[in-house]
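Please look through the sequence and the model shown here before reading on.

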Amino acid sequence: MSSSLEALNQWVNQVATHTEADQVMWCDGSNEENERLISLMLDSQELIELNQETHPGCYLHRSDPNDVARVEHLTFVCTQSQADAGPNNHWMDPDKAHALMDELFKGCMKGRTLYVVPYCMGPIDSPLARLGVELTDSPYVVANMRLMTRMGRSALSRIEKEGQFVRGVHSIGELDPDRRYIMHFPEELSIMSFGSGYGGNALLGKKCHALRIASYQAKNEGWLAEHMLIVGIENPQGEIRYVAAAFPSACGKTNLAMLIPPEAYRESGWKVWTVGDDICWLHPGDDGRLYAINPEAGFFGVAPGTSAGTNPNALAMLDQETIFTNVAVTEDGEPWWEGLDDRSPAADWQGRPFDPSQGPAAHPNSRFTVSMKRCPSYSKQAENPRGVPIDAIVFGGRRAHLTPLVMEAHDWTHGVLIGATMASETTAAATGAVGVIRRDPMAMKPFCGYHFADYWQHWLEVGGKLSRPPKIFQVNWFRRDNQGRFIWPGFGDNLRVLEWIVQRCHDEADAISTPVGYVPPADAINVSDLEEKPDLETLLGIETDAWLEEWMAIEGFLSEYGDRVPRALIHRLEGVKQALSDK
């Protein structure tokens, strides 16, 4: 046995002894193993079989009503120095965190099986991929990790060769909200999660590894781990240009990743290819460009609102080999959620007869887990070991006014500043208050594993390594008119904006320079086939006074991160403010 496997075995045995697991099962990721686990969960009612005629291989999991979402307030980054975690993270001293978690894990798997889940984040043969092992007492986690990562024998073989891997230990515990913690130890490349069976808290390869730990790895190794989709835009000439894009929640990220071009664009030969919908690892290439891989192998998507109208590609995936979590069920045993269609479900997400007075039928954060390869727009480049070359990086947000439909940064430093200060307005449905500005740098606020100011400096340093860096853009699909109506049609028509973006990356389109960035002239956005022409003058307008107020607010936001904020960003901010004042 290699020294790598000896170390892994020793760690597994230590955890099994400490947790008093009844048995240890090493997962190989095979179909036979998955079928056994599905059968086990059906017997224990952890899974419910859905209609196998209409949805073969589809199952429903109902989680505890107190365990339905990520728990950011119980998620900690445990670095030796609190300053290194930054004000963007909850911090706990590593020694204190280990003592707390060791006590919680003591004997917690008595009567349970400890599953050993070796996994690879990224194509199994990619030098850009990274490895991990999750130890868990949840067969539901195993089944989901099989869909979300390259899990099993091939990952274990690579761990044996390379040695280094992220260590994750998870137990559902008693599902007690008062005994629930998700601890990250970036300096140790380890994760400990206790008391939750929910996705982001329990599938440790996802946000825990692929963003919080990986962002720290990336800082030390010279790359970027980002909360971004990756999409390929193919023009009628057959050229594919790749875009990485970051959006806060409720801003259409998954819809953009699986975008279907408008009819006129489809007829002329435009295509859109999905490489990833959530996480993107960006590495400088030997040719001076930035290359991206999607570390995930599946989608863990929000079900409510997914329909033939909003995201037909997503809906088309979900009638086979899908695990649904906390959706409703129809009389004939099919999954259902708000926004799907006009049927009425028989049972809600808790298994109760559906009663509208008890709330929505599907939990608002109900999910589907499915292999990426089931997506009609899936790109085989998702398995390219080198990754895909990125032409454009896009930052998005939801702003009713101010931010134009699309804007290009003046250069990389300006683009990093735009990303570092990106913002969205809350919606009434989500918060009870309309228009509250929340800044979410690079859409990484809950996920960056270290101090944001150091993270922005790292972005600047990565950009400095690139002789052919991607251009950086900001988009806003959510501008409203004086009557509160959306001005831009959105959804598939967002390709009209992406067309200008990729053209700008190859100097094929015009732009107007403003103090806050380059914007397209109105005739640069193709709306010729739209029956109702949007007000492009408003969509692309720059209001100097409002923008000056915005940059004053941005200055205050950056000050929250103290003297670690890169001087290059402060200098650029002052330059933009001065240019606006001179207008």
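Predicted model: local features only at pLDDT ≥ 70, side-chain atom pairs only at ≥ 80, totals over all residues.

Q: At what angle do helix 1 and helix 6 pack, and which word describes how helix 1 runs relative to helix 6?
A: Two packed helices are described by the angle between their axes and the distance between the axes. For helix 1 (residues 3-19) and helix 6 (residues 153-162), the axes lie 6 Å apart and the angle is about 115°. Angles of 65 to 115 degrees count as roughly perpendicular, so helix 1 is, relative to helix 6, roughly perpendicular.

Q: How many charged residues are in the contact of helix 1 with helix 6?
A: On the side of helix 1, the residues S4, L5 and L8 take part, and they meet L156, I159, E160 and E162 of helix 6. Sorted by class, this contact has four nonpolar residues and one polar residue, while the number of charged residues is two.

Q: Which helix meets helix 12 at an angle of about 90°, and how are the two arranged?
A: Helix 12 (residues 412-420) packs at this angle against helix 18 (residues 567-582), with the two axes 10 Å apart. In the contact, T413, H414, V416 and L417 of helix 12 meet A568, L569, R572, L573 and V576 of helix 18, and by class there are six nonpolar, two polar and one charged residues. Given the angle, helix 12 and helix 18 are therefore arranged roughly perpendicular to each other.

Q: Which element gives the largest share of the lining of the largest cavity?
A: Rolling a probe the size of a water molecule over the atoms shows where empty space is left. The structure holds one cavity of 30 Å³ or more, with a volume of about 130 Å³, and among its 18 lining residues T403, M422, Q474, W547 and E550 are the closest to its centre. The largest share, four residues, comes from helix 17.

Q: How many charged residues are in the lining of the second largest pocket?
A: The second largest pocket holds about 650 Å³ of space, and of the 25 residues that line it, N31, R146, L147, E321 and S371 lie nearest its centre. At least two lining residues each come from helix 2 (31-44), helix 5 (139-148) and strand 8 (150-151), with helix 2 giving the most, four residues. By class, the lining divides into ten nonpolar and seven polar residues, and the number of charged residues is eight.

Q: How many of the eleven residues of helix 15 are buried?
A: The buried residues of helix 15 (residues 495-505) are L495, R496, V497, L498, E499, W500, I501, V502, R504 and C505. Helix 15 is largely enclosed by the rest of the structure, because the number of its buried residues is ten.

Q: What is the relative accessible area of L290?
A: L290 is found in strand 17 (residues 290-293). Leaving aside residues up to four places away in sequence, L290 touches L282, H283, P284, V388, P389, I390, I393, W412, V462, L466 and P470. L290 counts as buried because its relative accessible area is 0%.

Q: L175 and L189 each have a positive phi; which of them is buried?
A: Most residues other than glycine have a negative phi, and most peptide bonds are trans. L175, with a phi near 55°, sits in the loop between strand 9 (166-171) and strand 10 (181-185), and L175 counts as partly exposed because its relative accessibility is 25%. L189, with a phi of about 55°, sits in the loop between strand 10 and strand 11 (190-194). Since buried means under 20%, the value of 14% makes the buried residue L189.

Technical notes
Residues numbered from 1 in each chain as written. Heavy atoms only, no water. Axes fitted to C-alpha atoms, helices over the stretch in contact; angles between N-to-C directions. Parallel < 35°, antiparallel > 145°, perpendicular 65-115°, else oblique. Contact = heavy atoms within 4.5 Å. Nonpolar A, V, L, I, M, F, W, Y, C, P; charged D, E, K, R; others polar. 1 Å grid on protein atoms, 1.4 Å probe; cavity = no way out; pocket = protein on both sides within 12 Å on 5 of 7 lines; lining within 4 Å. Points joined across faces, edges and corners; volume = space filled by probe spheres on them. Buried < 20%, exposed > 50% of the residue type's maximum accessible area, 1.4 Å probe, protein only.
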